[in-house]
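Visitor: Could you walk me through a few pieces of this model? I'd like the criteria along with the answers.
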Amino acid sequence: MMLNSVVNWICFVLVVGVISSSSARPSLRADACGYQTCPAEKEGFINVHLVAHTHDDAGWLKTVDQYYYGARSQIQEAGVQYIIDSVVDELKDHPDRRFIYVEMAFFTRWWQEQTETTKALVRTLVNEGRLEFINGGWCMNDEATAHYVDIIDQMSFGLITLNDTFGECGRPRISWQIDPFGHSREQASLFAQMGYDGLFFGRLDHEDKKERMAKKTMEMVWSGSDSLGAQASLFTAVNYNLYQPPPGFCFDIYCNDEPIIDDPRSKDYNVEKRVTDFLNYCQEQANAYATDSILLTMGSDFHYQDANVWFKNMDKLIKYANERQATGSRFNLFYSTPSCYTKALNDHAKTWPSKTGDFFPYGSDAHAYWTGYFTSRPASKYMIRQGSNLMQSCKQMDAALVRQGVATNQVGELFTMKDAMGIMQHHDAVTGTEKQHVAEDYALLLHKGVVECQKIQTAYYEKELVIGNQVLPKVSYCQLNVSQCDPTEKNNRFVVNIYNSMARSVDKYVRVPVASGTAFQVLDPQGNVVASQTVPIAEYVKSLPGRVSSATVELVFLASQLPPLGSKSYYIQPGTSKDEHEPQNKFAISNEKVSVEIDDVSGLIKSVTVDGKTTELKQEFLWYPSKSGDNSAADKRASGAYIFRPDSDDAFAIPSSGVKTTTYSGELVEEVHQIYNPWVAQTIRLYKGQEHVELDWVVGPIPVEDGTGKEIINRVTTSIASNGMFYTDANGRQTLERRFNIRDSYPYTVTEPIAANYYPVNSHAYIKDAVGNQVTMLVDRPQGGSSLHNGQLELMVHRRCLYDDAFGVGEALNETAYGDGLVVRGTHFLILGDKTNSMKMARSLSHELYKQPQISFIPTSLSFNDWSALYKTQQQSLSRTLPANVNLLTLETLNQGKYLMRLEHIYDVGEDSILSQPATVSIEGLFPGFTVTSSEETMLGGNQFKKDSNRLVWNFASTSNTNEDGQQIWDERAIPAVQLKPMEIRTFIITLVPI
């Protein structure tokens, strides 16, 4: 049944999702699938739910293509297409067998290759609950380094694909995060808001797991948000054996365990022993759980290429184990799924323990803390973050083109970008824990997506900027991260198009490389002269490997009040006077609000003054030596792609003969260029009118000629009495309190005092004191961070390790480029102030840092007057800005005039006396030239109407102060107004028609 036009003017919200041509819709066969297809448990028995599954990494040791097709078997025997072929064949004639599948990046490719006959068979298997989709995202995303926007996008992409293909029977009810290396509170909140009934994961800190097994608290209700209460709470279970089968019972063709030999005439007959051993294991597992229901994972990485071997042996296990019930056995084995197991636990009506906080960091043993991957492959992490930002703009532009009747599928393939960005969130992609050749393939996939998005961007400008029937000159896109741009370097007249994807007006300082020795003048869209300044490009930027540019200066100007979901075009022409670029003989930079003093001896920041209040502060780059080792025992663990294990008690100073500084001042920006040595440098920058300090750093190539790997940090030291506490974000959203050397939920033994106190940072980290003084740092990509001493805050920016850490990737994290170690450029924002002002700035600036405007260039020989007569210089797709505490997460094309939108409240409870209050957004007249004729709220994934959601209800012992009211509250009389609680995301499918 297709989505009807319903509910006139219902509240709607934006989604950060990736939805193709789809819409939430109920299935015609909703009564034939779901929990009602689950096998019944036997009362009085230990019911053993056998879950047949395969874990198919979307890239790791092999590329996505190599895994799908089964290529390069010398690396790993794995071919996903054969797995799905084999499983379907084994399920079709055995109605008691069940199987679960997770990764839609693979399944979608397989599905597109199938005949209609096979598709009909698979639909039957899905409708009968025999083939069940679990999780359902494009991949099984990482939870430490994935941004919440990207998590929602990749989950939505998979969920909506399932909805379009199978309807309600294809909707996953359980999230299955069995392999990510730690688990995020925000991820739990997002899963709950997507309508999941439960979450299963495999990796839990070794001491936490020991404590939970002893107390039988391996299953719990996880409170995912202090703001959202039950709406963000999720039943959560920890798997007993990660996601592996019981030892000795791996029946895959690549395993060496004994099969079940049940012919009594055979001298190798082993039924009695094998069944006894299996049931002994079941009892051992049951001793760690709170009910007489247990779940056994029967599969592993890329298992079931010959599914018959697995199923035939499990059939025998079930048969012979259950036959023992006649002689007093209390075990009842059967094929099941995580959803059926969850429903069985829910039926127990037990009161479950509760969990707040998160499951970071993850230590698999006393010396293996998985905190290195928070930073591993920093260039890749930056590419992914930039790709995420581009995709949000791309989807908005695509939606604008569709509203104007453009067939965007003939312009650029948005699917390519969605597919690439979905794969990038995989727990061996954004984490940087893949083999080098796989990292290169990931970069290629993302590049292809960027090219397709740029085609859509160009089509957007051709449609939006052209007046009449003119042809827009070629639009170019530049590598501004290396200060390289042919259109601006080789022309003295050009247009800079700046697109703002945020739903509020923003100011953006634009920097573009230009020819030296030339004066320039900048005109705004109305032809008014805009203040500008040319600034020398730092020597360490000019020498970036791969940079192909002769430019030595950058033109700087402020693009002010960029319209919401709109663009401004600035016209650059020859000027009459040029700036002086001589360095200043001073050790301080300042603007109207902030001043930074540099120590004239050390060359480091000495203090920062904000609004007249001075904070003594030292900011410096340091390095940890990477631990070497052969990994033969826990205490011989090496630092590697996954593991951070420093071989020192503290970080060392960067080798230097003294930090050299050069200061430049001008009307718009003042900056200090710092050079530590040939592989560490930084620009400290203050723009006019801004209240934060920008730290633009360049690190690499990290030298390893001494045989020692090195892990580089940026550390800020102050006198703030932080009392062993610091704060980090979860996936770029809510903030969690961290306490040095303390775990709230289990007894913690200090064995790695540095690595075990590192946490993931996607957006912000800060320290504060009892009177509210706060130091905050914002990041432009995922990084690991900590506060190891009172008043300190550090972020790891780069790593180069010479040893593998023996967790599977089989390579040292020793990235090279252009024949040498990798060089990385990045940005930190430093904010000083009281708690309220700091969080207000952090929330606003973190969104601006993530959703930076998209900049493109058009060389021209036309004068400004001639250009503005032919082309628009300003336009926008929203008629007004949204409130300061509301973000438009998603505006995306579905089909038939329908669009997916998500709105989110970006503040948490208690962060600001005004902005942390509920927000109301009116959508009436929001889209110029269009009216909303229908809207209906969906769950966060965009694949189920909210009115159809009926999540399982759990009894649990709450220990938090969260609001447990999970109901949406809005006044229907206020429609078309949308109310948002702090940290709330609301998702709508709306229909837009021209007025």
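Guide: Before the pairs themselves, a definition: two strands pair if DSSP finds at least two bridges between them, and strands (E, at least two residues) and helices (H or I, at least four) are DSSP runs numbered from the N terminus. This is a predicted model, in which local features need pLDDT of at least 70 and side-chain atom pairs count only at pLDDT 80 or more, while totals for chains, interfaces and linings use all residues. Residues are numbered from 1 along each chain as its sequence is written, and side-chain values use heavy atoms, with hydrogens and water left out.

Visitor: OK, what is the bridge partner of Val535 in β19?
Guide: Val535 has Glu554 as its bridge partner there, and β18 is joined to β19 (residues 553-562) by five bridges, the two strands running antiparallel.

Visitor: And which strands make up the open sheet?
Guide: The order is β15-β19-β18, with antiparallel pairing. Because β15 (506-514) and β18 (532-536) each have a single partner strand, they stand at the edges, and one side of each is left without a neighbour in the sheet.

Visitor: Switching topic, what joins β26 to β27?
Guide: A hairpin of four residues links them; β26 (residues 660-664) and β27 (residues 669-677) pair antiparallel over five bridges, and Thr663 stands opposite Val672 in β27.

Visitor: Which residues of α5 and α11 meet?
Guide: In α5, Val149, Asp150 and Asp153 meet Ser388, Met391, Gln392 and Lys395 of α11, where contact means heavy atoms within 4.5 Å.
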